[in-house]
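Good morning, colleagues. Please look at the structure as I bring it up.

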Amino acid sequence: MTEMTKLDPKALLADVTEFLWLEADMLDRKAYGDWLDLWLTEGLYILPIGDGEDYENQLNLCYDDDKMRRNRIDRFNRGFSISSAPAADTVRTVSRIVIDSAEGDLIKLRAAEHLIEDKFGRQRIWAADLQYTLRVTGDGFKIERKIAKLLNSDGMLNSFSYLF
Amino acid sequence: MSLDTPKFSDLDALYDVENAKVATEMYEDPTLFQEEMERIFKKTWVWVAHESEFPDKGSFKLSQVGLDPVIVVRDRKGKIHCMVNRCRHRAATVCEVKKGKTSSFQCPYHGWGYGLDGSLRAVPYPEQYGDDFDKSQHGMLKLRTESHEGMVFATFNEDAEPLVDFLGPEVCRYMTLFMKQGGGFPVKVLGEHQFSVPMNWKVQLENTTDAYHFPIVHKSFMQTLDEKTEDLFAFMEKNEGWVEDLGNGHSIMMMMPEREDLDACLDDPIEPRFEWLAEEIRKEGYSEEQVKKIVLAVGGPGFNMNLFPNVSFSLSFFRVLTPVAVDKTEIRHMALGMDGGPAIANRTRLRLHEHFQGPMGFGSPDDAEVWERVQRGTRGGEELPILVNRGIVDEEPGVMGPRGHVSSETGMRAAYQMWKRMMDKEA
């Protein structure tokens with residue numbers, strides 16, 4: 001894959017698009033075990049608040065390392081969390097994918113995510129700017145960092161029983 | 001029911017003190033909601049800000065007093081002002097920046113300019129208002145503003161008692177204890193989580209001193225704690241804590257009495273979950289006493305205190321409620337840290353806050369779910385009361401009011417009695 005990415009930007013875009021769509025499908029189907037496998041152990045999953053980028057030293061909606069990611073998924077799955085039993089259903093699209101850089105085995109890209117949730121007979125709509133740092137491995141792409149910045153991240157939100 | 005006798009005229013039917021029963025309309029009646037905004041939120045002290053949110057001369061934040069959007073600002077002398085965010089000319093908001101720093105507020109529509117104290121300073125082309133136009137009569141609508149322990153409150157009511165009298169001695173004492181989580185540094189707001197819940201504001205008012213829900217609603221949070229920390233949160237089993245009515249609708253839930261006063265815990269061994277943190281802080285050259293103090297501060301004190309009507313001190317954060325409509329309430333969870341304290345300690349506080357609080361925390365979404373379920377549940381069986389009588393059976397007199405079991409609904413009864421007092425037309 002590494003060789004191909006150097007040679008053919010269009011093929012790279014097709015590859016990362018396929019990856020992002022598979023991930024989006026996993027999240028809508030709540031196939032969280034598969035989703036965890038997309039990550040590098042040192043990966044960080046962050047939903048920031050506002051425009052600051054010093055995520056470690058600011059308050060975020062979530063700042064998940066491997067342990068917190070696994071705890072979060074465990075909480076979704078075990079059935080003791082009333083907000084996730086059942087969780088809201090979601091349908092999302094990921095598009096407007098832009099590859100910012102592809103050097104060696106490191107790819108940085110951005111994308112748009114639109115998500116609609118449904119619970120209690122009401123629907124809510126969310127939009128997020130996604131930023132990914134992907135590593136090319138022998139086992140396909142792995143996520144090193146994913147930042148999902150909600151359009152109104154510093155505004156009035158609702159509680160989420162799913163992932164972006 | 002006739003038009004001239006709205007159902008809320010019968011306050012005893014809305015809240016039955018003796019049997020501690022709340023009528024379903026309390027969460028459902030839009031007319032009652034409007035009445036509450038007038039009689040409670042326009043009359044009493046309402047929390048608007050923490051001083052660290054606008055620390056400098058000219059810094060401001062937007063806030064809310066009931067349904068009224070307000071600006072809280074520090075003038076050039078450092079004095080705090082609070083005024084309704086509305087130009088006296090044609091009503092446009094003069095500020096839409098949530099937080100910032102300025103030397104004045106200027107209306108974007110026709111350019112009326114206001115000083116940091118809300119006084120009208122400049123009117124473009126004033127000639128057409130005539131010679132007798134009095135600028136001093138056209139300042140922004142001001143609220144009375146007073147602070148205690150860095151907490152800023154405002155009121156529309158010129159006749160309201162002084163803030164400290166409204167809070168009362170016990171609330172003031174606990175506020176001082178709560179602020180010890182600055183660990184020797186000033187307490188600073190590090191950020192906030194905001195989420196809206198389709199519920200009446202009183203559903204939230206009831207929750208901060210409700211220990212009964214904790215092991216049920218927050219089981220999935222407890223499951224992610226280590227054994228020692230889980231033990232710290234096992235206040236229902238240990239049965240050493242209490243809930244107490246602190247007067248004027250305020251209440252305290254002491255979950256971990258051993259952590260009432262952090263300064264009294266300085267001889268305790270450092271909790272295993274924070275040993276790594278203590279080591280990091282030691283490396284930065286802090287004395288062993290400071291290390292202990294800071295680590296204790298990171299864990300926070302052992303109580304929740306609810307102030308009527310809109311703010312609470314919840315272990316290690318402020319919870320603020322803003323009523324929006326009879327069935328809609330906005331919640332803010334403000335993360336606190338040590339201003340000038342070790343960055344690693346503040347980072348740890350932030351991660352702990354994210355763990356439980358906010359739209360993606362392991363706690364708040366479950367709270368939001370059950371609060372919404374209360375609002376949904378009240379659509380049926382309107383004639384059934386909501387029970388807040390738990391723990392009446394073994395209440396004893398406390399310092400200011402009754403004190404009950406840690407899972408007692410004493411705090412809710414305190415809040416509803418204050419609600420009733422304020423809603424009473426004759427009072």
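Chain B is divided into domain 1 (46-155) and domain 2 (168-423), with bounds that come from an automatic or database domain assignment. This is a predicted model, in which local features need pLDDT of at least 70 and side-chain atom pairs count only at pLDDT 80 or more, while totals for chains, interfaces and linings use all residues. Residues are numbered from 1 along each chain as its sequence is written, chains are lettered from A in the order in which they are written, and side-chain values use heavy atoms, without hydrogens and water.

The C-alpha centres of domain 1 of chain B and domain 2 of chain B lie 32 Å apart. In contact, that is, with heavy atoms within 4.5 Å, are 13 residues of domain 1 of chain B and 18 residues of domain 2 of chain B.

Between them, the two domains of chain B bury about 1,300 Å², 72% of it on carbon and sulfur atoms; buried area is the accessible area (1.4 Å probe) that two parts lose on being put together, summed over both. Of the area that domain 1 of chain B buries against domain 2 of chain B, Trp47(B), Glu149(B) and Met151(B) supply 39%, more than any other three residues.

Which charged pairings cross this interface? For salt bridges (a side-chain nitrogen of Lys or Arg within 4 Å of a carboxyl oxygen of Asp or Glu), the rule finds zero between domain 1 of chain B and domain 2 of chain B.
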